[in-house]
Amino acid sequence: MSEKNILTKALTETALTRRSFLKWSAALGGTAALAGGLSYGLKAAETAAVAAAGEGKWVAAACWGNCGGRCLNMAYVVDGVVTRQKTDDSHPDSPDFPQQRGCARGRSQRMRVFGADRLKYPMKRAHWEPGGGDKSLRGRDQWVRISWDEALDIVVSEFKRITAKYGNSAVLWGTRSLALAGGYVNSWGSTSSGTWQFTGPAVIGSYSDAGVDRLELRKSKLIVMWSTDPIMASGGSPTYNYLQAKKAGAKFIFIDPYYSNSARVLADEWIPIRPGTDTPMLLAIGYVLITEDDPATNPLIDWDFIRKNTIGFDRASLPEGANPYDNYRDYVLGLDENGNRAPEGHPNFPAKTPEWAAEICGVPPEKIRSFAIEIGQTKPVAFMESDASARINSAQSIGQAFVAVGAMIGSIGVSGGGIGRTRHSTAGNVGPNLISFGRSGTVLENVDNPLADVRINNNEVWDAVLTGKYTGGVGPKKDVNIQMIYHTKGSRLQTTVGQAKGLQAMRKVEFALCQDFHLTTGARYSDVVLPVTTMWERDGYLVNPNREAAFWASKVVEPLFEAKDDDWIDWQIGLRLGVVDPNNPEISLKQQTFNRVAGATVLMADGQTTEPLVTITEADLAELGVTGTPQTGRIPILQFRDAGTYQVPRVEGDNFTYIAMKAFREDPVANPIKTATGLIELHSQALADTVSAFGWTTIRPIPAYIPAERGYEATFSDWKKKIKGPYPLQMYNKHYYRRSHSEFDNILQLREAFAQEFLMNPIDAAARGIATGDIVKITSSEGSTLRPVLVTDRIMPGVTQLPHGAWTEFDDTLGVDKAGSDNYLEAGVPTVEGHSGFNSQIVQVEKWTGPRIAPDARWPQRIVLGEA
Amino acid sequence: MDVREWSLIIFTILTQMAVGAFVVLGIVHFFAVRQAGEAEADRLSDRALLAIGPVLVLALIVSLFHLGNPLNAYRAVANVASSWLSREILASVLFTAVGAVFAVMQWRKLGSFTLRAVIAAGAAVIGLFQVYSMSMVYQLPTQPAWNTIATPIAFFATALLLGVLAVGAAFVANYAFFVKRETPGSASVQSDLLHGALRWIAVAAVVLLGVELVAAPLQVAYLAAGATQAARASAALMFGQYGLIFGLRLALAFIGAGVFTLYLYRSATTAGQERTMATLAYAAFALVLVAEVLGRYVFYAAHVKIGL
Amino acid sequence: MAKQLGFYMDASACTACKACAIACKDKNNLPVGINWRKVHEYGGGSWVAHPAHPDMLIPSSVFLYSLSVACMHCQDAPCVEVCPAGAMSKNADGVVLIDADKCIGCRYCEWACPYGAPQFDQAAGVMTKCNMCTDLVAQGQNPACVDACPMRALEFGELADLRARHGVLNAIEPLPSAEITQPALVVTPHKHAQPSGRGTGHVLALPEEGYHGRS
Ligand SMILES: Nc1nc2c(c(=O)[nH]1)N[C@H]1C(S)=C(S)[C@@H](COP(=O)(O)OP(=O)(O)OC[C@H]3O[C@@H](n4cnc5c(=O)[nH]c(N)nc54)[C@H](O)[C@@H]3O)O[C@H]1N2
Ligand SMILES: Nc1nc2c(c(=O)[nH]1)N[C@H]1C(S)=C(S)[C@@H](COP(=O)(O)OP(=O)(O)OC[C@H]3O[C@@H](n4cnc5c(=O)[nH]c(N)nc54)[C@H](O)[C@@H]3O)O[C@H]1N2
Ligand code: SF4
Ligand code: SF4
Ligand code: SF4
Ligand code: SF4
Ligand code: SF4
Ligand SMILES: [Mo]
């Protein structure tokens with residue numbers, strides 16, 4: 001076979017020759033690997049001794065990461081090397097019994113696992129010395145391979161030295177062993193849920209499953225998709241399920257600054273809205289519903305539900321001791337405590353008319369009006385959102401304002417209805433799991449971190465490292481002296497706001513370490529880096545992809561190079577610290593997994609009783625290499641393992657139907673929800689108290705609008721006269737196809753497929769002389785980043801979008817980030833409940849005149865220690 | 001524009017020039033025989049004829065650079081049944097081969113005059129077919145900028161224009177470096193032939209220039225009014241991004257094949273202006289060669305494909 | 001009519017998630033720069049002043065849809081016709097295949113194909129292209145891209161069957177007019193689909209980033 005034709009040959013021949021594999025792994029490694037001569041991929045190919053015509057086997061492989069999707073992933077393994085992937089084909093596909101098909105990222109897992117840029121050995125910074133040495137070299141230094149013993153000894157001696165000198169509160173983030181050794185400082189604050197984190201439970205109890213299941217969804221007449229883009233942010237089946245609802249006749253309205261990818265397929269109507277201004281729109285909807293409702297001629301409000309199931313709607317329904325004007329109706333109508341029009345200066349001033357809202361949110365008043373009337377008149381309406389609109393500084397009111405509208409239109413507890421969250425793994429299919437796994441039988445208990453009272457809010461974490469101060473409740477700021485940072489199972493330096501400060505913080509402390517798969521941002525700025533195994537190198541990964549299915553992913557390959565799993569690392573650290581009992585180690589992951597599978601139960605057709613999921617024989621135990629007892633269940637255990645999935649068939653009207661809060665709707669007294677009063681709280685003192693206790697802001701118990709810090713209003717230096725300020729454009733981030741947060745950003749084929757592009761409306765672009773393909777410099781108060789721009793009418797004028805999660809590439813000479821790292825522009829702005837307000841940022845944009853940056857799919861991979 | 005396209009530019013220009021020169025030589029030779037007999041006609045044109053071979057070989061070698069897999073190049077003629085590219089390559093090779101056979105025969109005076117004339121005519125036909133095939137290669141429905149009658153017109157115009165001017169330059173060089181030195185005696189016969197040929201060449205060049213000056217702008221105008229977006233986009237590129245090159249090409253061609261050839265004609269009509277005549281012949285050829293390269297550059301750079 | 005396999009593409013359901021494109025890359029081990037299946041996004045519209053509130057901007061017929069495009073295995077395949085090396089051929093199932101051993105890498109097929117299907121492999125010096133997963137199809141399976149689509153927007157089968165099930169439309173913007181090559185394709189149009197050659201929109205992509213590169 002001639003060298004040049006190898007690629008094409010490899011495609012047509014099912015048998016994989018060793019030579020073509022070499023070519024393949026070189027391709028995986030990218031050009032950098034080739035240039036380096038010996039790449040990880042090439043080496044792996046040789047050691048794997050790929051047989052000339054090795055027959056492979058499909059193995060159910062984990063698709064892990066925080067992506068919101070839960071899809072079946074299958075890997076074709078030939079002599080320890082994965083040559084292909086596929087997704088669910090375990091049963092014939094139909095809309096009612098759909099395969100759990102995965103996304104482009106899932107198909108790229110093998111590029112992650114076998115990438116030439118995998119971390120291979122423990123390593124330390126070349127110029128590292130105890131105490132850090134020249135700390136300014138972090139992020140710029142060379143790497144030196146070290147043994148596991150040396151690496152762990154360094155970690156432990158630095159931890160001991162630093163805690164002896166400064167106490168355990170000098171350690172930021174940690175593991176079980178560090179908790180046993182006195183603890184560490186943790187950070188806190190909602191990232192995903194925005195202000196729904198506390199609003200949801202306080203106002204409506206279990207807000208996260210306030211919807212209906214996917215078959216009930218098909219009974220909706222109207223599905224409102226408020227700030228949600230399921231195809232992007234809930235990969236796999238959710239969007240397909242929504243498509244079935246559309247085919248069944250539901251109308252879809254999307255309320256989003258962006259004509260999203262889900263909208264292009266589902267939307268009958270798109271209502272563009274400025275980020276962070278949803279509360280005014282929701283309040284104005286309330287205004288229209290209240291003012292236009294006529295129970296006889298134009299019934300818009302479900303009065304029965306409002307009276308029976310909520311408190312705080314009007315003066316009459318306020319809880320005892322409440323301020324009389326702190327009720328929803330008077331606030332919305334702009335009335336004072338006596339029911340008169342509130343004068344200027346009164347907290348309820350002005351009336352929240354569509355005209356008032358329109359000026360802020362950018363939705364024309366008659367559109368707000370017609371939308372309100374439409375949702376008031378249509379039944380049932382599924383009134384859904386994904387929390388993106390609550391990932392806004394100061395946005396405490398949005399959840400409550402949203403629930404108020406949902407309650408008024410009577411969407412709660414009805415077939416085809418639903419209100420609230422459609423995000424992540426429960427998007428579009430809510431309800432309790434039909435399959436539950438058993439217990440793992442773990443020996444090591446979860447350990448509480450003894451330093452629980454020293455917790456730094458995410459918005460302040462880098463400031464706290466740099467300034468030694470943090471907010472620890474009401475009152476003056478508290479002191480903290482962070483000298484060690486431990487990155488593990490999170491990409492905080494990349495995913496936490498205020499990254500520009502974070503990079504400085506990393507160069508301030510005495511010791512920094514990271515354990516991960518690749519040279520992530522956290523790893524790059526650390527002193528010691530520990531390579532960990534991916535889920536493909538570990539035994540057993542069990543997950544409920546949605547309420548109807550269960551997945552069991554098996555180990556695909558033995559650990560690559562010297563990678564070890566987190567538990568092993570933690571155990572070794574624990575041993576060195578003398579905080580774990582060497583005679584009482586953890587049982588194997590394999591046994592733990594088996595225990596959970598053996599104990600798994602599945603709901604029977606009556607929807608009440610359960611039966612064991614798997615049948616186990618002695619022969620199975622031998623085959624699996626575990627200890628256990630035979631049992632009878634629904635399917636043979638090996639069938640489950642080999643298919644990697646079991647999915648409960650469903651039909652409309654079956655006993656698995658789920659409608660949240662149905663009982664509550666019927667009888668709220670007998671079936672209270674988990675709020676302080678058991679009712680939906682449009683007046684929530686509990687929420688107001690929770691927020692005040694954090695120490696930043698106080699709020700009213702009702703959904704009173706607070707303009708977002710760095711929101712639309714902040715783009716003006718003079719709001720009244722409408723004079724724009726130094727950062728005249730809004731910018732927000734979006735969870736993006738290319739990545740799951742920061743994960744997968746190193747995968748070249750995903751970089752190629754999904755450009756890290758900056759979106760601008762043609763009007764804003766033209767004003768700056770910018771065209772598609774230009775490189776722009778985007779500047780916020782924190783710093784600047786460079787990106788190619790895509791000019792498109794898909795995004796509202798005045799609004800820009802930067803996809804979330806690109807690995808920062810700070811350029812020392814240019815003084816800018818080149819990768820379009822969102823958090824390089826985001827600032828830590830602690831407001832209300834200390835959530836992260838990613839979607840409220842303001843920026844200026846200009847054409848970049850410096851050196852043109854190449855597409856990042858062509859950037860060299862971060863390959864360290866190619867081959868020793 | 002990468003190496004690949006430069007190789008195409010050089011290949012097409014050189015082969016077209018070779019074909020054009022071969023045909024022009026044949027015509028000049030035909031008349032020269034009538035005027036001054038075979039021997040003098042041969043003295044005028046044989047060296048020019050021999051120069052064509054290396055040009056063609058060079059062109060064929062350069063063409064390999066546009067192949068991703070030159071080792072497979074021999075397969076390029078596999079699909080003469082339907083591929084104009086195969087036909088073009090086949091014709092190029094055949095033209096080179098038959099032309100070479102003829103050149104050797106002519107040089108060594110092998111075979112009868114008639115036999116050689118027949119072979120030369122055959123080579124010329126193959127050559128013209130080669131230029132035609134080359135133009136057909138670009139008659140692709142997906143390429144509106146190429147898929148017009150302008151492409152064959154342009155290719156033949158290039159072939160003949162470069163051909164005449166190359167022959168003119170070659171004659172002048174031949175005269176200066178060999179004829180004058182070898183046998184000053186026959187200089188006057190050769191000198192007459194040369195003057196006559198150059199006058200004829202100048203006239204031909206002006207006519208061909210006229211064709212180009214009409215065809216090229218018409219082509220752009222046609223594209224600009226084109227039915228497809230791709231056609232309009234091509235025109236926009238020719239006017240816009242490549243407008244300067246396009247304009248420069250026309251200007252250079254005009255100066256070389258128009259202005260200089262007028263003077264060439266004048267100096268070829270007057271005796272004793274050999275020096276000026278020679279300079280003009282070289283300059284016209286050089287300018288037009290540059291112009292044609294620029295034109296071909298725009299040809300490859302400004303085509304926009306229909307579809308994705 | 002001879003047997004002709006083809007693709008079906010439901011543009012009304014495609015979300016541009018590119019699972020199909022990446023599944024193809026995975027199946028065929030394609031490096032960056034070679035994409036046998038591509039997803040093209042087509043959109044347009046504008047923002048105009050609100051008639052009643054001149055200071056507000058509202059979208060005016062802003063639209064967007066996407067198409068997943070591989071080789072169309074055209075019935076009237078110009079690539080086969082023009083390939084000088086005879087490296088392109090149509091097999092008994094109507095699938096257009098490249099024999100890399102014959103290819104000279106002249107890239108002529110690239111100029112002739114209006115779908116951007118032939119993808120040049122710089123390293124190997126030969127042209128490559130969607131082979132309709134002939135190996136999988138021979139085993140009775142679907143092509144990798146088809147089984148990957150989370151929206152079930154792709155199908156594969158005999159063109160006649162696809163037409164019987166989904167109609168005969170085979171071109172919308174930004175696809176070229178079907179007359180050029182007679183693609184073995186059936187499309188369900190998106191509600192905003194525009195006729196080939198007469199669209200008001202444009203392909204949405206960075207000129208060089210991603211894989212819509214012109215270079
Ligand atoms: N600007 C902006 N920032 C955001 C967001 C936004 O929209 N805009 N979104 C926010 C949201 S919603 C969230 S949930 C957060 C997510 O924030 P993170 O959880 O920090 O994000 P990930 O990128 O998922 O980080 C996971 C890291 O852990 C590594 N990892 C995965 N598995 C293992 C393992 O088993 N062991 C070890 N040791 N490491 C492992 C991965 O390689 C990766 O580096 O980001 C938030 N950040
Ligand atoms: N591919 C991928 N999927 C993911 C993740 C990922 O990183 N990558 N992360 C997962 C995680 S942890 C989370 S928390 C979820 C997040 O899931 P989502 O909250 O659904 O995330 P986004 O895609 O950021 O935002 C959804 C939509 O809200 C719009 N939007 C943004 N701000 C506003 C606003 O102020 N008002 C309105 N009305 N709309 C707004 C955006 O334009 C977008 O279309 O995604 C999960 N899924
Ligand atoms: S959505 Fe998530 S789980 Fe599903 S395939 Fe993609 S990355 Fe994997
Ligand atoms: S996988 Fe399906 S939905 Fe996604 S881009 Fe391809 S055709 Fe479109
Ligand atoms: S799509 Fe292009 S490559 Fe495929 S058959 Fe048609 S013309 Fe040939
Ligand atoms: S590149 Fe290969 S397949 Fe394409 S036309 Fe040339 S020889 Fe044929
Ligand atoms: S049929 Fe196969 S080769 Fe063709 S695009 Fe689909 S996956 Fe790629
Ligand atoms: Mo999240």
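A: Two residues are in contact when heavy atoms lie within 4.5 Å. By that rule, 65 residues of chain C touch 70 residues of chain A. The model is a predicted one: local features need pLDDT of at least 70, side-chain atom pairs count only at pLDDT 80 or more, and totals for chains, interfaces and linings use all residues. Residues are numbered from 1 along each chain as its sequence is written, chains are lettered from A and ligands numbered from 1 in the order in which they are written, and side-chain values use heavy atoms, with hydrogens and water left out.

Start with the chain itself. Chain C has 6 helices and 10 strands. These are DSSP runs, numbered from the N terminus: helices are H or I with at least four residues, strands are E with at least two. The C-alpha trace of chain C spans about 65 × 40 × 30 Å along its principal axes.

Now the side facing chain A. The size of an interface is often given as the accessible area lost when the parts come together. Here, buried area is what two parts lose on being put together (1.4 Å probe), summed over both. Chain C and chain A bury about 5,600 Å², and carbon and sulfur atoms give 58% of it. The interface of chain C and chain A has 5 salt bridges. Each is a side-chain nitrogen of Lys or Arg within 4 Å of a carboxyl oxygen of Asp or Glu. One of them joins A:R110 to C:D26, with the closest N and O atoms 2.5 Å apart. There are also 20 residue pairs in polar contact between chain C and chain A, both residues at pLDDT 80 or more. A polar contact is a pair of N or O atoms within 3.5 Å; within protein, one must be able to donate a hydrogen and the other to accept it, and residues adjacent in sequence count only if both atoms are side-chain atoms.

Which elements of chain C touch chain A? Those supplying at least two residues each include α1 (19-28), β2 (38-49) and α5 (144-148). The largest share comes from β3(C), with 8 residues. By class, this side has 34 nonpolar, 18 polar and 13 charged residues. Ala, Val, Leu, Ile, Met, Phe, Trp, Tyr, Cys and Pro count as nonpolar, Asp, Glu, Lys and Arg as charged, and the others, Gly among them, as polar.

Turn to chain B. Here 32 residues of chain C meet 32 residues of chain B. The two chains bury about 2,400 Å² between them, 59% of it on carbon and sulfur atoms. C:I104, C:Y108 and C:W111 lose the most area on the chain C side, together 32% of what that side buries. The count of salt bridges between chain C and chain B is 0. Polar contacts link 24 residue pairs across this interface, both residues at pLDDT 80 or more. α2 (78-82) and α3 (108-112) of chain C give two or more residues to this side. α3(C) gives the most, with 4 residues. The classes come to 22 nonpolar, 5 polar and 5 charged residues.

Last, a ligand. Ligand 4 has 13 residues around it, and C:C14, C:C17, C:K18, C:C20 and C:C149 come nearest. A residue counts as near if one of its heavy atoms lies within 4 Å. The shell of ligand 4 divides into 10 nonpolar, 2 polar and 1 charged.
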